[in-house]
Amino acid sequence: RIQDYGLNGKWQIADNFSLNLDGHYSKAASRPNNPNGNSSTLVGIGANVVSSHSVDYSGKIPVQDITLNGPLTLAQVGSQIGRTYASSQDQRVKEIRADFGWELGGGSRVDFGGNLRNTSMRQTRVATQQTLGDWGITSPGDVERLAPGALQAFCLIWKFQKFDRGSDPESQTAYRGDAANVYSILSPFYAGAGKAIGTTTNEDNRVREKIWSAYAQVTW
């Protein structure tokens, strides 16, 4: 969200003396806009179904060949780690400038003035991490059990239609979903099982800057 205001005025103080005054105020704010109040939500998911895996790097993109120990279904897909990031920032700028002009006659004049700019910025960032099904996927199928329908199957390699993707059938099936939705269901469940949310980052950065400047110019 941005707000910006300005005002400019000019006064002829005397026949040969003038003042131009310019004022400016602006304010900008950025807030998290995830449904759960964060800037981004990440949920790792996986499945312990790979028997062997190889990659061919000779083409324009890597082409993998996977052998699974059974069909990849939602019953094998489990959660791992959940993370959230919430970032906010506020910035204000106040500025005023005065320009004077003094006509001396005969084509000669003096111009002088000054400028004051006062800025402030505050940026905060909070990051959390929570163990869900853990890195080893100790609870296969937990996403489908706790949040039925939250994950949808799709063909991963068909997202790269402009390249030779290979023809490995077991590389075609993958699952995806709305991380904010999945996390909002899995997080309280695992917190109740003793896996609390931990804060990994808590930043509060502030910057203030005040700048004065002045100038003078003589023309003859």
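Asp-111 touches Phe-100, Gly-101, Tyr-215, Ala-216 and Gln-217, leaving aside residues up to four places away in sequence; contact means heavy atoms within 4.5 Å. The model is predicted: local features need pLDDT of at least 70, side-chain atom pairs count only at pLDDT 80 or more, and totals for chains, interfaces and linings use all residues. Residues are numbered from 1 along each chain as its sequence is written, and side-chain values use heavy atoms, with hydrogens and water left out.

**Asp-111**
- Asp-111 is placed in strand E7, which spans residues 108-131; strands (E, at least two residues) are DSSP runs numbered from the N terminus.
- Asp-111 counts as buried because its relative accessibility is 15% (buried is under 20% relative accessible area, exposed over 50%, partly exposed in between, with a 1.4 Å probe and protein chains only).
- The side chains of Asp-111 and Arg-109 are joined by a polar contact of 2.6 Å (a pair of N or O atoms within 3.5 Å; within protein, one must be able to donate a hydrogen and the other to accept it, and residues adjacent in sequence count only if both atoms are side-chain atoms).

**Aromatic pairs**
- There are five aromatic pairs, where rings of Phe, Tyr and Trp (its six-membered ring) pair if their centres lie within 6.5 Å, and planes under 30 degrees apart count as stacked, over 60 as edge-to-face and the rest as tilted.
- Phe-100 and Phe-112 are stacked, at 5.1 Å centre to centre and 15 degrees between the planes.
- Phe-100 belongs to strand E6 (residues 78-105) and Phe-112 to strand E7, so this pair ties together parts twelve residues apart in sequence.
- Phe-100 is partly exposed at 23% relative accessibility, as is Phe-112 at 29% relative accessible area.
- Phe-189 and Tyr-190 form an edge-to-face pair, with 5.1 Å centre to centre and 85 degrees between the planes.
- Phe-189 is partly exposed at 44% relative accessibility, whereas Tyr-190 is buried at 5% relative accessible area.
- One aromatic cluster consists of Phe-17, Phe-100 and Phe-112.

**Lining of the pockets**
- Eleven nonpolar, five polar and one charged residue make up the lining of the largest pocket (Ala, Val, Leu, Ile, Met, Phe, Trp, Tyr, Cys and Pro count as nonpolar, Asp, Glu, Lys and Arg as charged, and the others, Gly among them, as polar).
- Strands E3 (40-46), E4 (50-56), E5 (63-68) and E9 (173-177) each supply at least two residues of that lining.
- The lining of the second largest pocket divides into six nonpolar, two polar and one charged.

Methods:
Helices (H or I, at least four residues) and strands (E, at least two) are DSSP runs, numbered from the N terminus.
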